[in-house]
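Welcome! Take a moment to turn the model around on your screen before reading on. The report below walks through it piece by piece.

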Amino acid sequence: MVDTIIVPLLKIAVLINALLVSVTFLVLMERKVIAWAQSRLGPMRAGPYGILQALADPIKLILKEDITPAKADKYVFTLAPIMSLVPALVAFAVIPFGPDPFYYISDINVGLLFILSVTSIGVYGIILGGWASNSKYPLLASLRASAQLISYEIAVSMTLVSVILTAGTLSLVGIVEAQLESGIWFGFVQPVAFALVFIGGLAETNRVPFDLPEAETELTGGFHTEYSGMRFSLFFLAEYANIIVISAVVAILFLGGWLRPFPNVAALSFLDVVPAWIWFIGKIFVFLYVFIWLRATLPRYRYDQLMSLGWKLFIPIAIGNLVLTAIAKVAF
Amino acid sequence: MIGVIGVMVRRNIIIIFMSIELILNAVNINLIALSHQLQDMAGQVFVVFVIAVAAAEAAVGLGILIAYYRNKETVNIDEIQLMRW
Amino acid sequence: MAEAIAFYTLAALILGLGIMVVSARSAVHSVLFLVMNFLLVAVLYVILGAEYVAVIQVLVYAGGIVVLYLFVVMLVNLKREPEQFSDPRRLGKLGTLLAGAVLAQVIGIAVYSSTRGTTQPVTGGLGSDTPFLTGNTEQLGWVLYTSYLIPFELASMLLLVAMVGAIVLAKKNL
């Protein structure tokens, strides 16, 4: 009774708290890193080196006035940010931070597919957000954004199938253990899939270079134009939580999750003193940094270039990768 | 059954389509429950096919609807009577 | 005991949401209730031990098909307000009559089969203690590729044809 209900509830509480706090720090980290890339210092006033900025931003957003457009659909308007945030958080239910059952909330047989399906529910938040604002520009922007998301979902799903073929299982813990057995991170076995999932992840979370839906210079700010205060912050949180989810998934699939480099080579076992979850969080950090780095450096794709890239380039590459993986699996 | 009422009673054709999806879903629930009861995998296999067919039918149906809507600007099923004499 | 409570609340919610899908005033609300319906049905599948089908249901049905419906609803509703409610004179009575007939049939079948069928022990799923030796995914994949290969191929051809058809239909200059 205690084991099956109380402990997971505690874990969920801890995890959600940790996630939301880290999202606020991620916002700060992004501003700092972009600033350093542009030879300036970023937020420096709140607290030492601007660390308390992460606290100041949410306080500001909470204290803002909560405006609902006059003719907007009240229920849908409130529901849309919730439908954006909840899937991002739910996806964390199956992400393992370490090999022990202590480190993850649950490991279901179809973990990878679960994350994929939960991400598709997140698309609803964007569509409904744009529609509920009852004005033309957010609606069009949200339709474009969601079309982008579902196109790249297809490419990412097909690539993930080839990774599943390599690992032989859909459960995330199983994938990491498959990497432990074979002694090599799947990023080296499947570099094409690695690149595709990473770029697809960029597109899925509306990040540069695919951030047309939310760029401030396009269509007056995208689908969250009419949102302010707490609702806007929910959208914001959802986006950054999605970034963390995608980083975590890429880290698990291609970089060995919680394994140290060269997990089977006994000579490096002195690295085992670093606990497994620190390796995992370190890898997530690497990907977060790369996300932010890309935002600071790359220009934006135009919408038709973006869509043609997704459909005409990524899907054939994903299918080709899948066929090659299948052939390699059968041949060896 | 709720889907059947929906198909009969509503006039917006999109809601009719959604009621059809409800009917298909009800069939699916039946199949999975029976497959669980009888310990036979055939039920679940069939459900996968039903989902696939439902996806195909929804895509084509909505395509037809959009093509129609471009010409006629209505989704009221009483007014969709191109085939009527 | 706990599963029975869970199941009945789930079933009641699914039915309730179904009624709301059919009777909501604005089409967008209908779509939203449909999504919630599908998500709850997926939970039902998990209770019944078919977790792969549950996830596929969310991914394909709730995540793809209903998104398509939402798109179409929004494109179509851009110019119209929600329709007036159903025509009570002829369609309402006929519809309820037909549905009542279907329900009577179903009840008849249930009563008939319960007087003759044997109940088998239910294994797998939420309340059992048999572990998932081969998971639902592997079982499904095995059966799909061996005994049901031909329907599988036919289904994929059907999907291909449907995809081409949908693209052709949606083109502007036909």
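## Before we start

Two residues are in contact when they have heavy atoms within 4.5 Å of each other. With that rule, leaving aside neighbours within four places in sequence, C:Asn37 is in contact with B:Leu22, C:Ile14, C:Leu17 and C:Gly18.

This is a predicted model, in which local features need pLDDT of at least 70, side-chain atom pairs count only at pLDDT 80 or more, and totals for chains, interfaces and linings use all residues. Residues are numbered from 1 along each chain as its sequence is written, chains are lettered from A and ligands numbered from 1 in the order in which they are written, and side-chain values use heavy atoms, with hydrogens and water left out.

## Chains B and C

Chain B has three helices and zero strands, while chain C has six helices and zero strands.

How much of each chain is buried? A residue is called buried under 20% relative accessible area, exposed over 50%, and partly exposed in between (1.4 Å probe, protein chains only). Of the 85 residues in chain B, 55% are buried; of the 174 in chain C, 38% are. Accessible areas come from the Shrake-Rupley method with a 1.4 Å probe, and for residues only the protein chains shown count as cover. Chain B exposes about 3800 Å², with 67% supplied by carbon and sulfur atoms.

In chain B, among contacts between residues at least 6 apart, 41% join residues at least 24 apart. In chain C, residues 24 or more positions apart account for 57% of the contacts with a separation of 6 or more.

## A closer look at C:Asn37

C:Asn37 sits in helix α2 of chain C, which covers residues 27-47. Because its relative accessible area is 2%, C:Asn37 counts as buried. One of its contacts, B:Leu22, belongs to chain B.

## Where chain A meets chain C

Here 22 residues of chain A are in contact with 24 residues of chain C. The two chains bury about 2000 Å² between them, 83% of it on carbon and sulfur atoms; buried area is the accessible area (1.4 Å probe) that two parts lose on being put together, summed over both. On the chain A side, A:Asn109, A:Tyr124 and A:Trp131 lose the most area to chain C, together 26% of what that side buries.

Which helices of chain A each supply at least two residues of this side? They are α3 (74-90), α4 (111-132) and α5 (136-167). The largest share, ten residues, comes from α4(A). Across this interface the rule finds zero salt bridges, a salt bridge being a side-chain nitrogen of Lys or Arg within 4 Å of a carboxyl oxygen of Asp or Glu.

A:Gly125 lies in helix α4 of chain A, and with a relative accessible area of 0% A:Gly125 is buried. Not counting residues up to four places away in sequence, A:Gly125 touches A:Ala80, A:Met83, A:Ser84 and A:Phe235.

In helix α5 of chain A you will find A:Thr159, which is buried at 1% relative accessibility. Beyond its neighbours within four places in sequence, A:Thr159 is in contact with A:Ala193, A:Leu196, A:Val197, A:Ala318 and A:Asn321.

How many salt bridges does a search of the whole structure find? There is one over all chains, where the side chains of A:Glu30 and A:Arg295 meet (2.5 Å, N to O). This pair links distant parts of the chain: A:Glu30 is in helix α1 (residues 2-37) and A:Arg295 is in helix α10, 265 residues apart. A:Glu30 is buried, with a relative accessible area of 3%, whereas A:Arg295 is partly exposed at 32%.

Helix α10 of chain A also has buried residues, among them A:Phe280, A:Ile284 and A:Phe287.

Notes. Helix = DSSP H or I, 4+ residues; strand = E, 2+ residues; numbered from the N terminus.
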